[in-house]
Amino acid sequence: MSEKLNGNEAVSLAAEQSKATAHRNIPALGFDEMPLPADTANLREGPSLHDGLLALLPLVGVWHGEGQANDNGDEYAFGQQLVISHDGENYLRFESRIWRLDEDGKPTGADQREVGFWRISLKDEIEVTLTNSRGLTEIMYGTLLNERAWQLTSASTIVTETGPENHGPGKRVYGLMPNNNLGWVDERAVDGEMVPYMSAELKRIAG
């Protein structure tokens, strides 16, 4: 990583970002049979965040917003809900739901879902595993650009027989903007050149 983030700095950043959303969290399932802590997207509730994840602490929360996609010429606007949560162990759970929007910004139906986990290795390298509802599994590695931005690069992409034919390796950047919204950009290799694939700006609604 380019910079280390200590606990006090991380907590201060999170407090500033979540002044209006600290009272909200993802709902618990409430099953008494589960002997493990429930996932939480609110750093004030549930188990403490694992010390190994301090560099990713600002990402924890529920995010909601809109973006643009260009999937091999299929250009469309989309809405997104992104839940980044933890259960006290040394990983973050990542769950994204995307739906298409019409020209008036109204939902027209589901698009794609993505679930996975973010970890940080002993070499301070971010490790991400993602599975997409379209029939994709991807491993990405990345670095901390600063205390508010993270970059990931594809290391391996596996597509099922019914998955997309032209989904090349990619690069993603996630970052907190000056307004504390979460912006992200995904670029993909097409004919040997990196081109924009998806991007969005999300507002924190919980955590």
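Reply: The largest cavity holds about 180 Å³ of space. A cavity is found on a 1 Å grid over the protein atoms alone, as a set of points where a 1.4 Å probe fits but cannot get out, and lining residues have an atom within 4 Å of a point. The points are joined across faces, edges and corners, and the volume is the space filled by probe spheres set on them. Keep in mind that this is a predicted model, where local features need pLDDT of at least 70 and side-chain atom pairs count only at pLDDT 80 or more, while totals for chains, interfaces and linings use all residues. Residues are numbered from 1 along each chain as its sequence is written, and side-chain values use heavy atoms, with hydrogens and water left out.

Me: How many cavities of 30 Å³ or more does the search find, and which residues lie nearest the centre of the largest cavity?

Reply: There are 2 in the whole structure. The largest cavity has 23 lining residues, with Gln112, Glu114, Asn132, Arg172 and Asp186 nearest its centre. By class, that lining splits into 8 nonpolar, 8 polar and 7 charged residues. Here Ala, Val, Leu, Ile, Met, Phe, Trp, Tyr, Cys and Pro count as nonpolar, Asp, Glu, Lys and Arg as charged, and the others, Gly among them, as polar.

Me: Which strands supply at least two residues each to the lining of the largest cavity?

Reply: β3 (92–101), β4 (107–120), β5 (126–132), β6 (136–146), β8, β9 and β10 (193–206). Strands are DSSP runs of E with at least two residues, helices are runs of H or I with at least four, and both are numbered from the N terminus.

Me: How do I read the pairing around β5?

Reply: Two strands pair if DSSP finds at least two bridges between them. β5 is antiparallel to β4, over 7 bridges, and 7 bridges also link β5 to β6, again antiparallel. Val115 sits opposite Thr131 of β5, while Leu130 has Glu138 of β6 as its bridge partner.

Me: What about β8: why is it described as largely enclosed?

Reply: Buried means under 20% relative accessible area, exposed over 50% and partly exposed in between, using a 1.4 Å probe and protein chains only. In β8 (residues 170–176), 5 of the 7 residues are buried, so the rest of the structure largely encloses the strand. β7 (residues 149–159) runs antiparallel to β8, joined by 5 bridges. β9 (residues 182–190) pairs with β8 in the antiparallel sense over 7 bridges, and Arg172 has Asp186 as its bridge partner.

Me: Which residues have the most contacts inside the largest nonpolar core?

Reply: In soluble globular proteins, nonpolar side chains tend to be buried together. A nonpolar core is a set of buried Ala, Val, Leu, Ile, Met, Phe, Trp, Tyr and Cys residues joined through side-chain atoms within 4.5 Å. The largest has 33 residues, and Leu56 and Trp118 have the most contacts inside it. Leaving out residues up to four places away in sequence, Leu56 touches Leu92, Trp118, Ile120, Ile126 and Trp150, where contact means heavy atoms within 4.5 Å.

Conventions. On a 1 Å grid over the protein atoms alone, a cavity is a set of points where a 1.4 Å probe fits but cannot get out, and a pocket is an open set with protein on both sides within 12 Å along at least five of seven lines; lining residues have an atom within 4 Å of a point.
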